[in-house]
Amino acid sequence: MTGTAPAPFTADDYRARMDRAARQAAGAGLAGLLVAPGPDLVWLTGYTPTAVTERLTLLVLPAGREPVLVVPTLEAPDAEHAPGAPAITLRDWTDGKDPYAVTAALLDADGRFGVSDNAWAMHLLGLQRALPGTSYASLTEALPMLRAVKDAAELDLLAAAGAAADAAFEEIRKVPFAGRRETDVAADLAALLRRFGHSQVDFTIVASGPNGANPHHEIGDRVIERGDMVVLDFGGLKDGYGSDTSRTVHVGEPTDEERRVHDLVREAQEAGFRAVRPGAACQDVDRAARAVIADAGYGEYFIHRTGHGIGVTTHEPPYMIEGEEQPLVPGMCFSVEPGVYLPGRFGVRIEDIVTVTGDGGRRLNNTAREMVTVD
């Protein structure tokens with residue numbers, strides 16, 4: 001797969017994200033945000049430390065004040081070259097000094113702060129010792145939709161990642177399955193994802209025969225046999241944004257029952273997709289897909305939520321699950337992936353990444369959802 005490299009995000013892009021995050025924090029009654037190395041820091045600043053160690057690195061986004069990145073002195077040169085660095089004040093600390101005292105000076109002594117989920121307990125406890133009047137909430141709990149609504153450039157990157165995963169599927173369906181181990185096919189999938197531009201492969205599930213009844217099956221040495229249903233679920237990061245798609249193939253001709261269950265899951269996936277529209281609740285997508293499977297008598301065999309968000313990570317809010325009343329907003333991206341899992345026999349899952357548009361939804365995966373047979 002060829003094409004021009006995407007334009008990199010600029011300091012202005014990162015500045016706008018940090019401004020938005022600070023406003024959302026204030027709106028949630030927080031004194032600011034504390035962001036450790038991980039996906040939130042990448043999304044807000046473009047900075048990824050060379051190595052995450054016990055030395056404190058923390059982005060401080062106080063409400064109404066300029067953002068500050070606290071970094072170890074020996075990592076400051078790398079931080080200075082991050083694409084978002086022009087929008088940040090760097091505050092470095094040297095070994096032997098107290099990084100929590102450096103950070104505490106930037107915080108309200110009795111404030112409540114949102115903390116990224118990747119923060120180490122030792123660092124949060126260190127801040128609590130330095131400022132015993134502060135309190136904290138996880139960022140996922142306090143601002144679950146912080147990264148959920150993607151802008152046009154992010155949507156383009158997600159679409160390109162989805163197209164690359166689709167290209168990998170079109171190639172994997174051409175390789176031999178029968179007589180090979182699950183690990184062999186998984187290795188082929190990983191190589192294909194990289195060939196089509198992925199820099200990181202997060203998972204390559206190849207669940208054959210009875211293993212397909214385990215939604216998160218760990219690939220093993222089982223030899224794939226003719227007559228097996230095989231669940232393929234794979235994805236990773238391309239240009240910093242995620243892909244995640246599932247298709248279920250059959251080695252040779254399926255039985256009538258296998259075809260019927262596959263068609264049922266396809267109908268459920270279509271129903272979930274058609275439920276996507278601005279203003280609908282996340283749970284409406286889950287309900288639409290689940291109703292199709294339940295009405296056919298297989299409800300007890302659909303054992304997971306219908307979907308999860310995707311962006312700079314392959315799993316993030318929002319979640320398509322019963323009880324989630326968060327309304328869908330144009331620019332949100334998430335999976336729609338119903339499944340049926342028959343213990344000891346086989347499983348079927350069909351998954352697309354979908355983005356919310358102004359009047360409905362758009363799929364970012366476009367390979368065949370009908371039954372595909374392989375050799």
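How do the residues of the lining of the largest pocket divide into nonpolar, polar and charged? I looked this up in a predicted model, and the entries below record what I found.

**Entry 1: the largest pocket**

I counted 12 nonpolar, 4 polar and 2 charged residues in the lining of the largest pocket. I noted a volume of about 350 Å³ for this pocket. Of its 18 lining residues, V42, D239, G240, Y241 and V312 are the closest to the centre. I then checked which helices take part: α1 (11-27) and α2 (39-45) each supply at least two residues of the lining. The most comes from α2, which gives 3 residues.

**Entry 2: D239**

D239 sits in the loop between β8 and β9 (241-242). Its phi is positive, at about 50°, although D239 is not a glycine. For context, I recall that most residues other than glycine have a negative phi. I recorded a relative accessible area of 40% for D239, so this residue is partly exposed.

**Entry 3: helix α8**

I turned next to helix α8, which runs over residues 182-195 and has 14 residues. From first C-alpha to last, α8 reaches 20 Å, close to the 20 Å expected at 1.5 Å a residue. Which residues of α8 are buried? I listed E182, V185, A186, L189, A190, L192 and L193. These residues lie on the same side of α8 because they cover an arc of only 160° around the axis. The general rule I kept in mind is that an α-helix has 3.6 residues a turn, so residues three or four places apart point the same way. I also looked up the packing partners: the buried residues of α8 pack against α7 (152-172), β7 (200-208) and β8 (229-238). Just after α8, I found G197 with a positive phi of about 105°.

**Entry 4: G227**

I located G227 in the loop between β7 and β8. Is G227 buried or partly exposed? It counts as partly exposed because its relative accessibility is 36%. Leaving aside neighbours within four places in sequence, I found G227 in contact with H250, V251 and E258. I also took the separation between G227 and D352, which is 125 residues in sequence and 25 Å in space, C-alpha to C-alpha.

**Entry 5: a cis peptide bond**

I ended with the peptide bond from P317 to P318, which is cis, with omega near 5°. P318 belongs to strand β12 (residues 316-320).

Conventions:
Residues numbered from 1 in each chain as written. Predicted model: local features only at pLDDT ≥ 70, side-chain atom pairs only at ≥ 80, totals over all residues. Heavy atoms only, no water. Helix = DSSP H or I, 4+ residues; strand = E, 2+ residues; numbered from the N terminus. Expected span 1.5 Å × (residues − 1). Buried < 20%, exposed > 50% of the residue type's maximum accessible area, 1.4 Å probe, protein only. Arc of directions from axis to C-beta. Contact = heavy atoms within 4.5 Å. 1 Å grid on protein atoms, 1.4 Å probe; cavity = no way out; pocket = protein on both sides within 12 Å on 5 of 7 lines; lining within 4 Å. Points joined across faces, edges and corners; volume = space filled by probe spheres on them. Nonpolar A, V, L, I, M, F, W, Y, C, P; charged D, E, K, R; others polar.
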